[in-house]
Amino acid sequence: MSTEPDRNHPAGSGDGGRLRVLVLFGGRSSEHPISCITATGVLNAMDAERYEAVPVGITQTGQWHGLGPDPQSWNLPGGDLPRVPEPTDPLTLHLTSAGTHELVSVTSGTSHGAVDVVFPLLHGPFGEDGTLQGELEMAAVPYVGAGVLASAVGMDKHFMKVAFQAAGLQVGPWETITDRQWRADPEAAVERVAALGLPLFVKPARAGSSFGITRVSTPEEIVGAIEEARRFDPKVVVEAGIAGREIECAVLDGHGLSAPRASLPGEIVVHEGSGEHDFYDFQAKYQDNSAAELSCPADLPREAVARVQQLAVQAFDAVDGEGLSRVDFFYTPDGSFIINEINTMPGFTPISMYPAMWERTGLSYPELIDELLALALERGTGLH
Ligand SMILES: Nc1ncnc2c1ncn2[C@@H]1O[C@H](COP(=O)(O)OP(=O)(O)O)[C@@H](O)[C@H]1O
Ligand SMILES: [Mg+2]
């Protein structure tokens, strides 16, 4: 995949004309530790000749903590689940009247220099859901990935399905229980979801990394599962369980007038009988290496590969996607692809599925980072 040199070498504000890239990670969601691990991977892979990385960790209370460029010097507390410590000198982004985006100290107002582009490596609420994207729009600073609307729609499992359905994609049967519906008449809500049959998947509408998700196989478990999901989000989505292989496809935006690109698909194989896991839960995702396997490319007939790639791009367009997204499907025994979800900031460690799928398709992790930063600068902010 060739890129034009002028697009990839714009003059930046950093030393030697390098682009100053504000790498944001951590954040207020439960996926904070994963994001810290991702930041290390991205910073190690960024081309130091072209980019001056400015890493800023967002704490679980939302404070911005400026950290040195070398992740090895951070010594984040938390062991396997690292977290950004509270800063003594919190930072914020400030749009100057000259139109530059300065990183400044909240308390003293001291400038830590201008940044050219932001790489938000955040997952979940207050990172991947349009709120941070809104803040970056207000600061008029270009950033990698989806804008406000696509981020918000991609975070909400109810509205995501509404958008997919409207675009003609096949979604599985589901019911949504709003906070008001649950508090006003829980029996009616239970009756409604029980009509979907068993098993059910009960999920917080806006979470991620499988947090708060329960697979329900008896009617008695429904209420407990809804209450568990509500610990993460008062809005709950309940889906009929779908029997099928989990097939994912990576989408990368096109340059200029070119259409978005889809990678070779990958497959999540959850090893049944491997202890606790009967679906791709948090532990299987991050903590138990033997519980699930990422297989790429997925073993699919050529026709199915072309079809899932086309559906993935359709899903990306359905939510007004930009930059990148991972689109996840169930491939049913009758050969249908039922869409499960879109992730506008998918797992992005060097061994995550999204980069792995691009690697297999011919784009390395450092090249992927270059592509994403180039796309962000090409797009700019505001209406476009
Ligand atoms: N309707 C469903 N039918 C079968 N399995 C499901 C269903 N919904 C979720 N799962 C299983 O649960 C996992 C997590 O659900 P998902 O909706 O992808 O949540 P998250 O956004 O947290 O990744 C999926 O990867 C899959 O293994
Ligand atoms: Mg998922």
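Q: Leaving aside neighbours within four places in sequence, which residues is Ser105 in contact with?

A: Contact means that heavy atoms lie within 4.5 Å. On that basis, and apart from neighbours within four places in sequence, Ser105 is in contact with Asp89, Pro90, Leu91, Thr110 and His112. This is a predicted model, in which local features need pLDDT of at least 70 and side-chain atom pairs count only at pLDDT 80 or more, while totals for chains, interfaces and linings use all residues. Residues are numbered from 1 along each chain as its sequence is written, chains are lettered from A and ligands numbered from 1 in the order in which they are written, and side-chain values use heavy atoms, with hydrogens and water left out.

Q: Where does Ser105 lie, and is Ser105 buried or exposed?

A: Helices (H or I, at least four residues) and strands (E, at least two) are DSSP runs, numbered from the N terminus. Ser105 belongs to strand β5, residues 101-105. Buried means under 20% relative accessible area, exposed over 50%, and partly exposed in between, with a 1.4 Å probe and protein chains only. Ser105 counts as buried because its relative accessibility is 1%.

Q: With which side chain does the side chain of Ser105 make a polar contact?

A: A polar contact is a pair of N or O atoms within 3.5 Å; within protein, one must be able to donate a hydrogen and the other to accept it, and residues adjacent in sequence count only if both atoms are side-chain atoms. The partner here is the side chain of Ser108, at 2.9 Å.

Q: How is the packing of two helices described, and at what angle do the axes of α4 and α5 cross?

A: Two packed helices are described by the angle between their axes and the distance between the axes. Axes are lines fitted to C-alpha atoms, for helices over the stretch in contact, and angles run from 0 to 180 degrees between N-to-C directions. The axes of α4 and α5 come within 5 Å and cross at roughly 110 degrees. Angles under 35 degrees count as roughly parallel, over 145 as roughly antiparallel, 65 to 115 as roughly perpendicular and the rest as oblique. The two helices α4 and α5 are therefore roughly perpendicular to each other. Val153, Gly154 and Met155 of α4 make this contact with Lys157, Phe159, Met160 and Ala163 of α5.

Q: Which residues of α5 are buried, and what do they pack against?

A: In α5, residues 157-166, the buried residues are Lys157, His158, Met160, Lys161, Ala163 and Phe164. They pack against α4 (148-155), β8 (174-177), β9 (200-204), β11 (236-240), α10 (302-318) and β17 (337-343).

Q: What is found at the N-terminal end of α5, and what follows α5?

A: Asp156 caps the N-terminal end, with a side-chain oxygen 2.9 Å from the backbone nitrogen of His158. After α5 comes Gly168, whose phi is positive, near 85 degrees.

Q: Which residues come nearest to ligand 1?

A: A residue is near a molecule or strand if one of its heavy atoms lies within 4 Å of it. Of the 18 residues around ligand 1, those that come nearest are Lys157, Lys203, Ser210, Ile242 and Glu246. An oxygen atom of ligand 1 is 2.5 Å from a polar backbone atom of Ser210. A nitrogen atom of ligand 1 is 3.0 Å from a polar backbone atom of Ala240.

Q: Which backbone geometries deserve attention?

A: Most residues other than glycine have a negative phi, and most peptide bonds are trans. Here the peptide bond from Leu198 to Pro199 is cis, with omega near -5 degrees, and Pro199 is placed in the loop between α7 (186-194) and β9. A cis peptide bond also joins Cys296 and Pro297, with omega about 0 degrees. Phe126, although not a glycine, has a positive phi of about 60 degrees. Phe126 is partly exposed, with a relative accessible area of 39%.

Q: What does the side chain of His123 reach?

A: His123 lies in the loop between β7 and α3, and its side chain reaches the backbone oxygen of Met345 at 2.8 Å. His123 is buried, with a relative accessible area of 4%.
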